[in-house]
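Work through the exercises below with the structure in view. Each task is followed by a solution in steps.

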Amino acid sequence: MKKLNWNNIRLVLVIVLMIFLYSFSGIKNQERKIQKISIAFNEDDFPFLNETMVNNLLIQNFQGSSKVKKERVDLKKLENLLDTNKYVDNSEVFCTIDGILNAKIKQKKPIIRVINENGSYYLDSKGDKVPLSENFTPRVPVYFGIVNENELKELVSIFDFIDKDEMLKQNIVDIKKTQKGNIIFSVRDYDYKVIFGTDANMETKFKNYKAFLQHATKDTLIKNYKTVNLIFTEQVICAK
């Protein structure tokens, strides 16, 4: 008669116990209810949305109550719900063991406001439309006119460049496009117009304009300028 191998028996018992405990804890975890909803926004986001608005949106998905079992929470569905919001760029939703539902949200960042006879809206760096908000009005340059699909990429590239440069963002206040396709800027504090042309050689043109600003603001003659022409990249042409 073979002797019992107590080491093997102990090992089997330990494995069975671990499986039991894991299954039990899993069941208890699924039965645990959502205790709290935590909303987090990126620090540099525009405040189109606030915690109350997002919290209400999530609770509506729970039929008006946040006290639901974790097993009933479809995290992917909640992310899709948030991502369809007109002010949300992307979101991440996850649930912790202690029953806290976390939603991390990155809001869209407008770089220009478009105004024409059809109304007004914002554009972000992806070229997506962002509607006006009753909660917040961002301070961005204004574009007067219709933005056609075939010129959207060109305009967004210019607006995005301005948005990423603090000097340009503080200086340029509104933008128009002539019938010939030339971009013209109006600026803060001075009456001259900046004739920019198209987005060809964009970086060089903006570099030339910033150099002009650094020197011209030291000279009182800048108040007499009517136009500052950047189309010729070799030089900046000013006219009184």
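**Exercises on helix packing**

**Exercise 1.** In this predicted model, find what the buried residues of H2 pack against.

Solution. The packing partners of the buried residues of H2 are strand E1 (36-41), H3 and strand E3 (100-107). The buried residues in H2 are Val54, Leu58 and Ile59. Viewed down the axis of H2, these buried residues fall within an arc of 135 degrees, so they line one face of the helix. On the face turned away from the buried side, H2 carries the exposed residues Thr52 and Gln60.

**Exercise 2.** Describe how H2 and H3 cross, and state which residues make the contact.

Solution. Two packed helices are described by the angle between their axes and the distance between the axes. The axes of H2 (residues 51-61) and H3 (residues 75-83) come within 11 Å and cross at roughly 135 degrees. Angles over 145 degrees would count as roughly antiparallel and those from 65 to 115 as roughly perpendicular, so H2 is oblique to H3. The crossing of H2 past H3 is right-handed. H2 contributes Val54, Leu57, Leu58 and Asn61 to the contact, and H3 contributes Lys77, Leu78, Leu81 and Leu82. By type, the residues of this contact are six nonpolar, one polar and one charged.

Notes: Residues are numbered from 1 along each chain as its sequence is written. This is a predicted model: local features need pLDDT of at least 70, side-chain atom pairs count only at pLDDT 80 or more; totals for chains, interfaces and linings use all residues. Side-chain values use heavy atoms; hydrogens and water are left out. Axes are lines fitted to C-alpha atoms, for helices over the stretch in contact, and angles run from 0 to 180 degrees between N-to-C directions. Helices (H or I, at least four residues) and strands (E, at least two) are DSSP runs, numbered from the N terminus. Angles under 35 degrees count as roughly parallel, over 145 as roughly antiparallel, 65 to 115 as roughly perpendicular and the rest as oblique. A crossing is left-handed if the near helix is turned anticlockwise from the far one by less than a right angle, and right-handed if clockwise. Contact means heavy atoms within 4.5 Å. Ala, Val, Leu, Ile, Met, Phe, Trp, Tyr, Cys and Pro count as nonpolar, Asp, Glu, Lys and Arg as charged, and the others, Gly among them, as polar. Buried means under 20% relative accessible area, exposed over 50%, partly exposed in between (1.4 Å probe, protein chains only). The arc is that of the directions from the helix axis to the C-beta atoms.
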